[in-house]
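Work through the exercises below with the sequence and the model side by side, and try each task before reading its solution.

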Amino acid sequence: MTRDPPLHPGLPILGSLLDFQGNRAHMLLRAAQRYGPVVMFRIGPRRITLLAEPDLIAEMLTRNHDHYLKETRAMKMMRDGLGRGLLTNDGPDWARQRRVTAPVFRRDNLEDFASLILAGAQTQADAWAALPDGSVLDVVPEFHRLSMRIAGHAFLGQDVGPLADRLRESFNAAITLTTKRILSPFSTPLWVPTPTNRLMLRHVHTLDTSIAGLIRARRESGEESQDFLGRLMAARDPETGEPMSDAQLLVEVKTLFIAGFETVSNALSWSVYELGRNPQWLARLREEADRVLDGTPVTLARVRELELTRRVFAESLRHYSPIWAVSRVPIEDETVGDYRLPKGSWVFPSPYVLHHLEAYWPDPQRWDPDRFSPEATAERPKNAYIPYLIGPRRCIGEHFAQLEGVLILATLAQHASWTTLGEVEAEPFVTLRPASPIRIRMHRDPG
Ligand code: HEM
């Protein structure tokens with residue numbers, strides 16, 4: 001017997017429209033606390049189902065992943081700027097791209113990037129450590145710059161040079177403008193020459209011409225490079241032997257920047273925020289980093305020894321899940337468990353909501369990295385923790401993001417010392433962003 005999930009009450013006609021205009025992540029969490037982990041909403045004729053139950057999420061995203069598409073309004077708007085890349089594509093085209101790209105991102109293929117990340121982190125840590133005692137720092141722009149610098153090197157090679165600032169500015173603008181278009185009920189198609197659309201097209205043009213230029217230059221040089229662009233150029237479809245076209249390379253490189261830039265910098269910003277409120281954890285990380293990062297070249301085995309730092313990053317991804325919800329659309333009338341999901345409706349599996357349910361996370365509003373000790377982890381149901389999602393569409397950049405998160409936090413904790421000023425709320429845009437600046441006060445002498 002199939003049934004509808006419990007309905008979140010709404011207004012006549014508008015349904016839950018106004019609820020979705022406010023802090024949607026908190027609203028969905030409250031709904032799950034009240035009605036259970038599967039809740040139905042209506043906005044006009046549109047039906048939306050929140051999903052925050054580990055087994056049902058696994059059923060949907062793993063066993064039945066090909067029963068769904070990503071055809072929501074938000075995804076169409078993302079395609080306007082990104083084209084059809086790994087993040088935005090669906091069906092057989094997506095499967096082919098994933099097949100070609102997957103080996104590039106395998107964990108054991110990322111060793112080369114560790115020293116590059118460490119060098120970026122070290123520059124940042126030195127700059128923080130050199131600040132006068134008592135200086136106040138705005139954290140988010142710091143991590144925007146750092147993660148863009150690392151992405152520039154890792155994705156496109158050392159030769160980005162003066163382009164880096166232009167790319168950062170245009171990626172930042174494209175993400176902000178796309179978010180604005182997604183959130184506004186009055187957005188027009190991109191070809192309508194409104195000021196927002198014209199600005200968006202200008203930034204997309206800058207990104208396209210800059211990255212296409214780099215791809216062309218790389219082809220002409222014949223150089224084989226180990227950055228992601230070089231690896232993607234060398235990648236071959238295991239079934240057909242075909243390489244990627246330049247047009248596809250452009251889309252995929254843009255996708256990596258968009259998918260990896262704000263997610264990582266937000267996760268780092270929230271980690272620094274919490275470390276500055278939990279000095280005992282900052283001290284534990286410093287002690288660990290002093291022991292593990294002893295100045296010799298860093299290996300993946302060495303990174304694995306940064307166990308406490310891993311817990312801190314993991315807990316920040318739980319409490320402040322950067323991708324707080326994803327969306328899927330059933331291709332036909334569908335079921336998950338015994339719940340009905342009508343064809344064409346929207347389904348929102350939500351890492352944020354799942355990560356705040358008391359059933360899996362006692363005292364969920366408390367930030368406590370020891371939730372990720374091996375013992376505590378073994379006691380939780382599989383799939384209660386899904387910041388990178390699960391199934392075939394799981395984040396392809398997960399291992400790179402982990403490497404970045406852990407190495408940067410360890411290096412900062414080793415060389416700098418800070419306390420956090422004030423409280424900051426989380427606000428759900430495309431990623432879960434800080435609603436106001438995160439400010440920290442630097443202290444001269446770590447430890
Ligand atoms: C802490 C940082 C990160 C988090 C929490 C995160 C989370 C996610 C999530 C939840 C998805 C699934 C989206 C969906 O299916 O709707 C995803 C997909 C993706 N992520 Fe990440 N991500 C992170 C960092 C990165 C980085 C650094 C890269 C690039 C190096 C990256 C590249 C991608 C790509 C290309 C996809 C699409 C994969 C596909 O559909 O086949 N991500 N990510």
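Donors are N, O and S atoms within 2.8 Å of the metal (3.2 Å for Na, K and Ca), and water is not among the atoms, so sites may look incomplete. The model is predicted, so local features need pLDDT of at least 70 and side-chain atom pairs count only at pLDDT 80 or more, while totals for chains, interfaces and linings use all residues. Residues are numbered from 1 along each chain as its sequence is written, and side-chain values use heavy atoms, with hydrogens and water left out.

**Exercise 1. Find the protein donor of the iron atom of the ligand, and say where it lies.**

Step 1. The only protein donor of the iron atom is the SG atom of Cys395, at 2.3 Å.

Step 2. Cys395 belongs to the loop between helix H16 (374–379) and H17, where helices (H or I, at least four residues) and strands (E, at least two) are DSSP runs, numbered from the N terminus.

**Exercise 2. Describe the shell around the ligand by its residues, their classes and the elements that supply them.**

Step 1. The ligand is surrounded by 27 residues, and the closest are Trp94, Arg98, Arg328, Arg393 and Cys395; a residue is near a molecule or strand if one of its heavy atoms lies within 4 Å of it.

Step 2. Sorted by class, the shell holds 19 nonpolar, four polar and four charged residues. Here Ala, Val, Leu, Ile, Met, Phe, Trp, Tyr, Cys and Pro count as nonpolar, Asp, Glu, Lys and Arg as charged, and the others, Gly among them, as polar.

Step 3. An N or O atom in the side chain of Trp94 is 2.8 Å from an oxygen atom of the ligand, and for the side chain of Arg98 the corresponding distance to a ligand oxygen atom is 2.7 Å. The side chain of Arg328 likewise has an N or O atom 2.7 Å from an oxygen atom of the ligand.

Step 4. Helix H5 (91–101), helix H11 (246–275) and helix H17 (398–415) are the elements that give two or more residues to this shell, and H11 gives the most, with six residues.

**Exercise 3. Work out the sheet that contains E1, from strand order to pairing.**

Step 1. Three strands make an open sheet in the order E1-E2-E8, with mixed pairing, where two strands pair if DSSP finds at least two bridges between them.

Step 2. Strand E1 (38–43) and strand E8 (346–349) are at the edges, and because each has a single partner strand, one side of each is left without a neighbour in the sheet.

Step 3. E1 pairs with strand E2 (residues 46–51) in the antiparallel sense over six bridges. Val38 has Leu51 in E2 as its bridge partner, and Phe41 stands opposite Ile48 in E2.

Step 4. The hairpin of E1 and E2 has two residues between the strands, and in this hairpin Gly44 takes a positive phi near 55 degrees.

Key. Polar contact = N/O pair within 3.5 Å; in protein donor to acceptor, adjacent residues only side chain to side chain.
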